[in-house]
Amino acid sequence: MKFFVGGARPSAWVLLVILPTFAGALGSCGGGSDSMTEAAAAPVGASVDAGGGEVGGTAPSPYAPGSGLSPTGRIVSLKACEPTGAGKDYQVGPGAGQLTSLDKVPWESLAAGDTVRIFYQAAPHRGKMLLTANGTPAAPVRVCGVRGPNGERPVVDGSGAITRPGLVYGTSSNAAIHQARAVVMIKNAVEFTDYPTNIQVDGLVIRGAHPAYRFRDTAGAVQQYEDFGACIWIDRGQDIIIADNEITDCTNGVFSKSTDDGPFAVTRNVRLVGNYIHGNGIADSDRLHNSYIQSVGAIYEFNFYGPLRANAGGSAIKDRSVGTVVRFNRIEEGARSIDLVEAEDYPETALANPAYRTTYVYGNQVVKSGDTGSFFHYGGDHHGSKPGGDWGEPLFRKGTLYFYHNTVHVTGTGEWSKLFQLSTTEEKAEVWNNVFYFQPGIPFPSMRQTTEVGDAWTAGGILNLGRNWINSNWMDSDDDHPVPGQLNGKANLVTGTAAPIDLGTLTPLNGSSIVDAAQGPPAAVAQHPVDYQLDGNFMPQPRAVTGAAADLGAKEL
């Protein structure tokens, strides 16, 4: 099943899933499961006018060096929202015999192979989800949307939501804040060492976790959402797929947490695929983002990141993960397009894993105003520590950012349009086969921006340029803001004055200097080929080289 997109912003997005460890959800859509429709449940009072059992497995052994989420196998097709045949089928919707509301789903009892199917209806489903179950690779737990007659996703709205009575969100001291964090909460149930596994959420509009909105909690009391929350909050979990959703009007769009409390408390293998994530954040705050992920293993692919909420100061992608891969996305606006910083809440786990030292960013289309901040930040965002300290610079990434075959269109008219911000000279970026086009009128089209670091470190990083296209008036930085560190390979750049791409589609222009101009990839990215691109509707399509060599940038002519 594939979905098409219309207009400048996707009202329907794409996709997906071919993931070996999730074969159960993505394989047969045959019947044979127990169907659960209207179930006995105590009635919950009227909706709120808001304006607008035991789970958990044995904790895994610590990750072996170099282990993490395999990057192989692109997720490019999604099975229909049908029961897997391996568990129970819970249906929520307006149909005869279906559960009439989300609070009637026995979230506390979901087990491997169960499917919760949420059917489209004209009115939003005003409810919340608590996912604590342990699916398996062959029989994941899936919550999915059954689209309407015109392809509409079902809407799950946290504003005015009714929470299922009796759900256990935590202990007496923290249950209330967990309830107020999110519309969809993925976390441990009873035991501190529990953690959910093999969960997939797809095909929905999920919205409305914002302090402007209210919900009714498990006791029936009206509560306000927290300032720091998310549409989807992963408090902990392993092998989590969030696919083909529209995620909007929350504080963070998607948030995941990891800590060093034990292997059970580290989120692992999160995959965001084919989602439309936009309109999140809080006005005048730079602490909330369209997505904010902390995980051992994090892949972002085929997503459309739209602008945040008006006047929100967060980034499109904020990431504190190990083994991060950002590929084949459309990313628009945000204070930063991609903010790759230190694993501040689980440094022992991150620093012990070699995958923390490598990050891959490729095949992305990025369009952003240079007036709001640097585009790509790599290293860390807490500074002023000392060598050997347990915060700040000692925890920075201190590795290599592989940045290739991206197309970046810098808009705006302000002076401070800067592409890369590498925290210290212990951070390095290998940059090749990209297109960097600055809109005319930007006075200082700059490659780098400096950052504040402690006295024991040198800012600016080491940026090694291969063959890239950039405006002929580019500069390292303006004269008043010199950047330490190193900028190498300037002679490798291809320059010009006119855009070598169609600014509407970002497709290379026939006869431009970026056509057939790509250099070959280094061995270090052999497991990360540029084998897909986004078409004119922002849907994935295989990328085939049609000339003597690949074209520069995210798309092939």
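Strand S8 (residues 182-186) and strand S13 (residues 230-234) run parallel and are joined by four bridges. Within this pairing, Ala 182 of the protein stands opposite Ala 230 in S13. The structure described here is a predicted model.

Both strands belong to an open sheet of ten strands, arranged in the order S4-S8-S13-S16-S19-S22-S25-S28-S31-S34, with parallel pairing.

The sulfur atoms of the cysteines were examined next. A disulfide is a covalent bond between the sulfur atoms of two cysteines. The count for this model comes to two disulfides. When the bonded cysteines of the protein chain are numbered in sequence order, the pairing reads 1-2, 3-4.

Distant parts of the chain are brought together by the pair: Cys 81 lies in the loop between strand S1 (34-36) and strand S2 (88-92), whereas Cys 144 lies in strand S5 (residues 141-146), 63 residues apart. Both Cys 81 and Cys 144 are buried.

A disulfide is also formed by Cys 231 and Cys 250, whose sulfur atoms are 2.0 Å apart. The link of Cys 231 and Cys 250 is right-handed, with 100° about the S-S bond. Here too the pair links distant parts of the chain, 19 residues apart: Cys 231 is in strand S13, and Cys 250 is in the loop between strand S15 (246-248) and strand S16 (252-256). Cys 231 counts as buried because its relative accessibility is 0%, and buried means under 20% relative accessible area. Cys 250 is likewise buried, with a relative accessible area of 0%.

Empty space in the model was also considered. Rolling a probe the size of a water molecule over the atoms shows where empty space is left. The largest pocket has a volume of about 470 Å³. It is lined by 25 residues, of which Asp 286, Lys 318, Arg 336, Asp 339 and Asp 381 are the closest to its centre. By residue class, the lining of the largest pocket comprises eleven polar, nine charged and five nonpolar residues.

How values were computed
Residues are numbered from 1 along each chain as its sequence is written. This is a predicted model: local features need pLDDT of at least 70, side-chain atom pairs count only at pLDDT 80 or more; totals for chains, interfaces and linings use all residues. Side-chain values use heavy atoms; hydrogens and water are left out. Two strands pair if DSSP finds at least two bridges between them. Helices (H or I, at least four residues) and strands (E, at least two) are DSSP runs, numbered from the N terminus. On a 1 Å grid over the protein atoms alone, a cavity is a set of points where a 1.4 Å probe fits but cannot get out, and a pocket is an open set with protein on both sides within 12 Å along at least five of seven lines; lining residues have an atom within 4 Å of a point. Grid points are joined across faces, edges and corners, and a volume is the space filled by probe spheres set on the points. Ala, Val, Leu, Ile, Met, Phe, Trp, Tyr, Cys and Pro count as nonpolar, Asp, Glu, Lys and Arg as charged, and the others, Gly among them, as polar. A disulfide is a pair of cysteine sulfur atoms within 2.5 Å. Buried means under 20% relative accessible area, exposed over 50%, partly exposed in between (1.4 Å probe, protein chains only).
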